[in-house]
Every structure is written in C-alpha cells, then in structure tokens.
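This text leads through one structure in steps, beginning with a single residue and moving on to its surroundings. Please keep the sequence and the 3D view at hand while reading.

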Amino acid sequence: MKPLTLILLAALCLGMPVAASGQEDYRFDAGGGIGMTGYLGDANTSSLWSHPGVDGMLLFRYLRSPRIAFKTGFYAGTLSGNTEDMTDVLPEAAQFKFSTTFFELSEMFEFNFFNYGLGEKYRRLKRWSPYITGGVGATVWTTDGYTGVAFTLPLGIGAKYKINERLNLGLEFLMKKVFSDRLDGNNLSDPHAIKSGFAKNTDWYSTLSVTLSYEFSKRCATCNYKE
C-alpha cells in the first residue's frame, strides 16, 4: 500500500500547480486613483499644464473579454487658469483668473491592444496592455458663483499592468471636451464677442490618473464555459 499511497500523493502534488496556474476569469473590476488635471480655454489657450490641478477618481469596470471593457468613472478635481500667462490680448487689456472644483460622471468603452490577463498560453494573454478609450459624460462645476452642468466627450489612452491575478495598476490620460464656454466663469464665456455655439467656443480639461483596481466575481467557477 505504501507505493500506491506515494504515487497518489505525488500525482496530487503535481496536479496542484497546474490547477493554480490557470487564470480565473472575473466579470468586474473596481478601484480608484489620483492624478493631475489640466485646462484649456479662454484663460489658457496653449499650455495644458501651466496651472495644474489635482483629482481623485473611482472606477467600476465590466470586463467583457480580455480585449474589451466598459468603465463607469466618477471624478472630482480642481481646475484653474490666468489670462496674464497668455500672449493673446483680451479686449481693453482685461485680465481674468479663475479656479473651480468639478465633479464628473462618465461611461466609457476600453479596447486593449493585447489580450490582457494572466494564465493559459493558448489564449495569448499578456500581463500588460496599452489601450484606447472613449465615451460620454457629464460635468458639474461652480466658478465665480455660477454653477454649470455640461455634456462632455472624454477621449484618451492608457496602459494596464497585472500585479497579480486580481490586482491591476493603471495609468490613463484623458482629454475632455466640455460643451460649454463657462467652465472658466461668466467673465470668460465670450471675451472676443464671438457668439457661442454647441460645438465652438468650448472649454477642455484633462485628467492624468494613476489607478489601482481589484477584480471580483468569477465568471465561471464550476465549468469550462466562458462568456
């Protein structure tokens, strides 16, 4: 009986690493991050980082596949600008500066250039991947007593790295077109007397964020089927 017992124990030990090396698939990913913001508009027409602000964010992803994810993001941050830094001269040599706090909710699509993940070689999973992203959002802010709400279009790029099976480190840069010319306040809503429209005379801001997220909810714990 001893040889048979030893054989069974050896088989069990050899089987354990094989089972542990397979990548578990998870449906969801949640986390947060911090970073830096930039602004382009009537109080800053050229240098995105001339008056950097800060931001914090929360994220929730639905992981459709190793290539595709859908992300809900909530951002809170600060923005500022000063016309004294510009070479452009406003009418009557007027000077304005502003600072504001914004809150943003967005829904975005992410496409990974590689099959992102850890595990089986036949799936060609990679531990890191660059990605592109885009979507829609809404931003709320208050500047000089004016509270605004506007539709936004965020577009950007990023990179993800798997620290381990569930933990992900990310870096993401987004430019966000705000369909309003009052992000920098009423004084700068139309300083050159050009009538504003839905797609012109609008402001932009950016977020550069470092994120940490955790995957959960196994896609299929008891079978070999994968969505």
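Glu104 is buried, with a relative accessible area of 1%. The model that shows this is a predicted one. The partner of Glu104 is Lys176, and the two form a salt bridge in which the closest N and O atoms are 2.7 Å apart. This pair links distant parts of the chain, since Lys176 belongs to strand β9 and Glu104 to strand β4, 72 residues apart. Lys176 also counts as buried, at 0% relative accessibility.

Eight strands form a closed barrel, in the order β1-β2-β3-β4-β7-β8-β9-β10, and their pairing is antiparallel. From one strand to the next, the twist averages 25 degrees.

Strand β1, residues 26-40, pairs with strand β2, residues 53-63, in the antiparallel sense over 10 bridges. In this pair Ala30 stands opposite Phe60 of β2. Further along, β3 and β4 pair over 15 bridges, again in the antiparallel sense, and Ser80 stands opposite Ser99 in β4. Strand β4 also pairs with strand β7, residues 128-143, through 12 antiparallel bridges. There Phe111 faces Ile132 in β7 as its opposite residue.

Next come β8 and β9, which are antiparallel and pair over 11 bridges. A hairpin of four residues joins β8 to β9. Strand β9 in turn is joined by 12 bridges to strand β10, residues 203-218, and the two run antiparallel. The bridge partner of Val178 in β10 is Asp203.

Leu155 gives a closer look at the pairing of β8 with β9. Leu155 lies in strand β8, which spans residues 146-162, and stands opposite Met175 in β9. Is Leu155 buried or exposed? Leu155 is exposed, because its relative accessible area is 54% and the cut-off for exposed is over 50%. Leaving out residues up to four places away in sequence, Leu155 touches Thr133, Gly134, Phe173, Leu174 and Met175. The C-alpha atoms of Leu155 and Phe173 are 8.4 Å apart, while 18 residues separate the two along the chain.

Other residues gather in a nonpolar core. The largest such core has 15 residues, and among those with the most contacts inside it are Tyr39, Trp141 and Leu183. Strands β2, β3, β4 and β9 each supply at least two residues of this core. Strand β4 gives the most, with three residues. The contacts of Leu183 beyond four places in sequence include Tyr39, Leu79, Trp141, Val178 and Tyr205.

Charged residues bring the account back to where it began. The structure holds seven salt bridges. In one of them, Asp29 pairs with Arg61, with the closest N and O atoms 2.8 Å apart. Asp29 is in strand β1 and Arg61 in strand β2, 32 residues apart, and the pair links distant parts of the chain. Asp29 is buried at a relative accessible area of 2%, and Arg61 is buried at 5%.

Another salt bridge joins Lys71 to Glu172, where the closest N and O atoms are 2.8 Å apart. Lys71 lies in strand β3 and Glu172 in strand β9, so this pair ties together parts that are 101 residues apart in sequence. Lys71 counts as buried at 1% relative accessibility, and Glu172 is buried with a relative accessible area of 4%. Asp29, Arg61, Lys71 and Glu172 are linked with Glu110 and Lys160 in a network of salt bridges.

Notes. Residues numbered from 1 in each chain as written. Predicted model: local features only at pLDDT ≥ 70, side-chain atom pairs only at ≥ 80, totals over all residues. Heavy atoms only, no water. Buried < 20%, exposed > 50% of the residue type's maximum accessible area, 1.4 Å probe, protein only. Contact = heavy atoms within 4.5 Å. Pairing = 2+ DSSP bridges. Axes fitted to C-alpha atoms, helices over the stretch in contact; angles between N-to-C directions. Core = buried A, V, L, I, M, F, W, Y, C linked by side-chain atoms within 4.5 Å. Salt bridge = Lys/Arg side-chain N within 4 Å of Asp/Glu carboxyl O.
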